Amino acid sequence: MAEKIIGEHASKEVKAGETVVARVDVAMVQDGTGPLSVQVLQEMGMERVFDGKNTILFLDHATPSPRKELSNAHKILREFSRKTGAYLSDVGEGICHQRLVESWASPGQLIVGADSHTCTSGALGAFATGMGSTDVAIAFALGKAWMRVPETHRFYIEGEFLEGVYSKDLILHIIGTIGADGATYKSMEFIGPTIEKMSMESRFTITNMAIEAGGKTGMIPPDATTKEYLERMGRGDKYREIKSDEDAWFEKEYEFNVSEIEPTVSFPHTVDNTRTITEAKKMNVRIDQVYIGTCTNGRIEDLRIAAKILEGNKVHKDTRLIVIPASRRVYLQSLKEGLLEIFVEAGAAVESPGCGPRVGIHKGVLADGERVLSTQNRNFKGRMGNPNAEIYLGSPATAAATAIEGKIADPREYL
Amino acid sequence: MIIKGKVWKFGDNISTDHIAPGRYFHLRTNLPELAKHVLEDADSEFPKKVRPGDIIVAGNNFGLGSSREHAPRIIKIAGVSCVIAKSFARIFYRNAFNIGLPLLIADTDKIDEGDLLEVDLEKEIIKDLTKGIELKSTPIPSFMMQLLKDGGIIEHIKKHGDFKLD
């Protein structure tokens with residue numbers, strides 16, 4: 001699948017291991033990586049973009065800006081947008097990866113983004129990968145990028161999820177099994193009956209975390225669910241089928257049966273340090289803050305799951321709960337469905353779309369010695385702004401149950 | 001290209017958060033300031049100890065995590081001449097060569113902190129002058145070598161007007 005898409009964009013047949021120059025359909029930066037891209041384009045005397053509609057500047061990490069240095073960084077991107085016609089996704093619109101799948105990403109596209117979780121769009125059958133500021137700056141100006149064609153690791157997923165177990169638990173379990181560098185440089189392709197039955201929202205959670213196993217991208221072949229999603233987003237005409245050939249070669253093939261998986265939690269400080277909820281619960285881990293949101297699990301389906309558990313319950317008195325919808329669209333939908341009311345009633349602080357806490361910028365930086373359970377994708381030391389704090393990762397259901405009990409809790413007891 | 005320098009040794013899974021912590025997000029438009037915190041979360045004294053020409057030696061999966069190019073850039077600004085690890089995360093790997101910071105993949109177990117190394121990038125040889133041993137590194141892909149010779153991808157594009165793959 002990866003070879004096919006890269007080949008179409010390099011206008012030749014390509015094989016894994018080759019380094020090629022490929023045409024890019026969509027290129028994006030965010031407020032943490034974009035100012036450096038602008039600086040690079042200025043240095044090169046190439047302050048221009050190949051296609052204004054498909055070169056995007058997302059203000060989503062430090063929004064609304066908590067300090068003047070970051071406001072000035074935003075200003076650099078605003079001015080670049082005015083000068084070149086690049087699209088500016090402003091404060092409140094949402095997290096880049098969620099905005100991309102809502103409004104840009106389509107099957108067969110090649111997408112590069114100056115953010116490691118750009119791989120999220122691969123759930124729609126695009127080849128989407130994270131790069132650095134300079135790479136994306138060059139893609140902005142020339143509409144192309146250099147890349148090594150990755151080998152593919154294929155993950156065949158079968159079985160029915162047990163109650164209280166979600167795609168987040170599956171991907172944490174997979175990374176716990178293959179390791180945080182288990183798929184370095186590889187394209188991870190997810191197929192099988194369980195994937196076919198999964199909603200797009202659940203699929204995005206899986207491809208979002210491909211990078212946490214070192215993957216260059218995570219991909220899912222487009223199908224009827226993809227088509228329905230694109231239609232809902234007003235891009236039904238962009239649907240096309242693309243999948244690996246019957247006789248395609250895979251460097252590695254894995255099989256997972258989800259009916260054997262329990263709710264899963266990653267312990268500090270690596271994503272592959274996973275434990276089942278049964279093991280985690282026995283350890284009686286006190287949690288000071290719970291965070292539901294991010295490009296991994298801040299979608300409408302996630303908020304519905306969390307709200308269902310929190311409805312009629314209160315957040316534990318020694319724990320804070322922060323809820324952040326991933327985009328304006330998700331925010332509006334959860335308003336209409338009354339989900340935000342449930343969160344606020346339960347005692348949560350609901351914030352505007354963005355991913356500030358996840359990278360330790362604002363809206364929930366931890367104190368020394370504190371522990372957070374978050375629905376995000378990464379729990380490296382210092383990730384949420386304090387190297388003397390601990391980050392645990394879990395599903396929105398696990399997060400909601402944990403917020404109620406003030407310690408790592410089993411969501412199955414609330415369903 | 002021959003590089004000579006003193007070793008600072010790190011372990012496995014040194015992430016971009018160790019190298020360029022997120023709490024200094026506001027310094028990303030001020031790289032010399034950000035460089036004063038380079039690798040602070042792996043070794044709080046490192047920014048004070050590192051000297052121009054020094055070499056970072058690490059274990060597996062160096063540079064995992066975010067796409068922030070600021071990470072290899074501040075390693076370079078701090079004066080580090082080269083990073084040698086058992087393996088590198090993908091985005092860090094390409095970012096480093098794009099900005100002209102050489103990376104080598106080798107079995108680093110025998111190298112200790114404080115050793116003096118002499119590295120020949122083209123011959124793929126790492127000499128540990130302190131221990132008197134010689135290690136072989138994995139070859140640097142030809143396009144990456146080209147980028148190093150051109151002084152990074154910005155200079156490469158300026159020179160050729162486009163990507164030039166052999």
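In chain B of this predicted model, the axes of helix H4 (residues 70-77) and helix H5 (residues 90-98) come within 8 Å and cross at roughly 45°. H4(B) is therefore oblique to H5(B), a class left for angles that are not under 35 degrees (roughly parallel), over 145 (roughly antiparallel) or 65 to 115 (roughly perpendicular). A search of the whole structure finds 0 disulfides over all chains.

**Helix crossing in chain B**
- The crossing of H4(B) and H5(B) is right-handed, that is, the near helix is turned clockwise from the far one by less than a right angle.
- Ala71(B), Pro72(B) and Ile75(B) of H4(B) make the contact with Phe92(B), Asn95(B) and Ala96(B) of H5(B), where contact means heavy atoms within 4.5 Å.
- By class, this contact of H4(B) with H5(B) has 5 nonpolar residues, 1 polar residue and no charged residues.

**Cysteines in chain A**
- Cys96(A) is in no disulfide, and the nearest cysteine sulfur, that of Cys355(A), is 6.4 Å away, whereas a disulfide is defined as a pair of cysteine sulfur atoms within 2.5 Å.
- Cys96(A) is buried, with a relative accessible area of 0%, where buried means under 20% (1.4 Å probe, protein chains only).
- Cys355(A), likewise in no disulfide, is buried with a relative accessible area of 1%.

**Basis of the values**
- Residues are numbered from 1 along each chain as its sequence is written, and chains are lettered from A in the order in which they are written.
- Local features need pLDDT of at least 70 and side-chain atom pairs count only at pLDDT 80 or more, while totals for chains, interfaces and linings use all residues, and side-chain values use heavy atoms, leaving out hydrogens and water.

Key: Axes fitted to C-alpha atoms, helices over the stretch in contact; angles between N-to-C directions. Helix = DSSP H or I, 4+ residues; strand = E, 2+ residues; numbered from the N terminus. Nonpolar A, V, L, I, M, F, W, Y, C, P; charged D, E, K, R; others polar. Buried < 20%, exposed > 50% of the residue type's maximum accessible area, 1.4 Å probe, protein only.
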